[in-house]
Amino acid sequence: MKNLLNYEGKKVVVTGAASGMGEATAKILLEQGAEVYALDIKEPKLPVKKWINVNLGDQTSIDEAVNQLPEVIHSIFSCAGVAGTIYGGGKFSPVDVVTINFIGPRHLIESLIPRMPEGSTIAIVASLAGMGWPQKKDVLLPFIKTETFADAKKWLEENIHDPKVMDQGETKNGPYALSKEAIILWVKYRAYSLAEKKIKLNSVSPSTTQTPMLQDFNKIAQTDVTSSFISPVGRPAVAEDQANALVLLNSDLNTYISGQDLQVDYAVTSKLLFGLS
């Protein structure tokens, strides 16, 4: 029987592979025979081909990680990020959040694109928190069109306090939402030029997902956010639900999907759009 996913022997990069969605993704890829290169600040428990310590908030750290990766990369799974200004017992500034969640991952991906042959695939984790991107397209377009890590960070530092740029307060997790809006908009913008190279780029937008990050979302919101983002299916997502979507998008089963944001939420966005209960 033909292997429809076809990851056997492929060299794949997974960021955030030590926990949550990244770990679940790496586990599936290993089971599918992929050669997994794990990028994370913590060493993963899985038997990956290589673990590379990386800080996505620091360009030098990203560049050093890129130098340790193979000359050919077939797929990138960008799963790493922070929940907001509170994460893992640490505190981050709004600029830190957007840098770690968007600027750093974009720099990593762009650095690896020259190593990716035709037919390669990229998937990055966004969020339902980024659903407001269409209303902010014109405001954020200069940001996502910046060409370098430094240029992007400079724009961010100069504009992040503009309410048109970050239009939600702290308990609404404004920095996190901004980072995810930027991801989705960048995916849609960048995918068009990547089509010429026959490289597919997509994002997934999870609803509430039971990962270690969930408790930090609750701290930021000062409430349990879980119940607000569950459809009649009756349960929140788990990391494997999101990993399955990422693996599907980057597999050989995906022959013509690019520039899309896949909402992995079991239709909870219908609740939000139509005010359903």
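Helices, runs of at least four residues, and strands, runs of at least two, are DSSP runs numbered from the N terminus. All views show a predicted model.

View 1. Seven strands, in the order E3-E2-E1-E4-E7-E8-E11, form an open sheet in which the pairing is parallel. Strands of a sheet in general pair through backbone hydrogen bonds, in either a parallel or an antiparallel arrangement.

**View 2. Strand E4 between E1 and E7.** Strand E4 pairs with E1 in the parallel sense over 4 bridges, and another 4 bridges join E4 to E7, again with the strands running parallel. Val 14 stands opposite Phe 77 of E4, while the bridge partner of Ser 78 in E7 is Ile 124. Are the faces of E4 covered or open? Both faces are covered, with Ser 75 and Phe 77 on one side and Ile 76 and Ser 78 on the other, and these four residues are all buried.

**View 3. Strands E7 and E8 with the helices that pack on the sheet.** Strand E7 is joined to strand E8 (residues 200-206) by 5 bridges, and the two strands run parallel; within this region, Ala 123 stands opposite Asn 202 in E8. Helix H1 (residues 20-31) packs on the sheet, where it touches strand E1 (11-15), strand E2 (35-40), strand E4 (75-78), E7 and E8, and its direction makes about 160° with that of E1. Helix H6 also packs on the sheet, touching E7, E8 and E11, and the direction of H6 makes about 160° with that of E8.

View 4. Ser 127 is located in the loop between strand E7 (121-125) and helix H4 (137-144). With a relative accessibility of 8%, Ser 127 counts as buried, because the cut-off for a buried residue is under 20%. When neighbours within four places in sequence are left aside, the residues in contact with Ser 127 are Tyr 176, Lys 180, Ile 184, Val 204, Ser 205 and Pro 206.

**View 5. The exposed loop residue Thr 255.** Thr 255 belongs to the loop between helix H8 (239-249) and strand E11 (261-264). Its relative accessibility of 62% places Thr 255 among the exposed residues. The C-alpha atom of Thr 255 is separated by 22 Å from that of Pro 206, which lies 49 residues away along the chain.

View 6. A search of the whole structure finds 4 aromatic pairs. In one of them, the rings of Phe 102 and Trp 186 have their centres 6.4 Å apart and their planes at 70°, so this pair is edge-to-face. The pair links distant parts of the chain, with Phe 102 in helix H3 (residues 94-112) and Trp 186 in helix H6 (residues 174-194), 84 residues apart. Phe 102 and Trp 186 are both buried. Phe 143 and Trp 155 form a stacked pair, at 4.9 Å centre to centre and with 15° between the planes. Phe 143 lies in helix H4 and Trp 155 in helix H5 (residues 149-159), so the pair ties together parts that are 12 residues apart in sequence. Both Phe 143 and Trp 155 are buried, and ring pairs link Phe 102, Phe 143, Trp 155 and Trp 186 into a cluster.

**View 7. The buried face of helix H2.** Ser 61, Ile 62, Ala 65 and Val 66 are buried in helix H2 (residues 59-67). Down the axis of H2, the buried residues fall within an arc of 140°, so they line one face of the helix. Among the elements that cover these buried residues are E2, E3, H3 and H5. At the start of H2, a side-chain oxygen of Asp 58 comes to within 3.3 Å of the backbone nitrogen of Thr 60.

**View 8. Two loop residues with positive phi.** Asn 173, found in the loop between H5 and H6, has a positive phi of about 60° although it is not a glycine. Lys 198, in the loop between H6 and E8, likewise has a positive phi, near 60°, in a residue other than glycine. Asn 173 is buried, with a relative accessible area of 8%, whereas Lys 198 is partly exposed, with a relative accessible area of 49%.

Note on methods:
Residues numbered from 1 in each chain as written. Predicted model: local features only at pLDDT ≥ 70, side-chain atom pairs only at ≥ 80, totals over all residues. Heavy atoms only, no water. Buried < 20%, exposed > 50% of the residue type's maximum accessible area, 1.4 Å probe, protein only. Contact = heavy atoms within 4.5 Å. Phe/Tyr/Trp six-rings, centres within 6.5 Å; stacked < 30°, edge-to-face > 60°. Pairing = 2+ DSSP bridges. Axes fitted to C-alpha atoms, helices over the stretch in contact; angles between N-to-C directions. Arc of directions from axis to C-beta. Polar contact = N/O pair within 3.5 Å; in protein donor to acceptor, adjacent residues only side chain to side chain.
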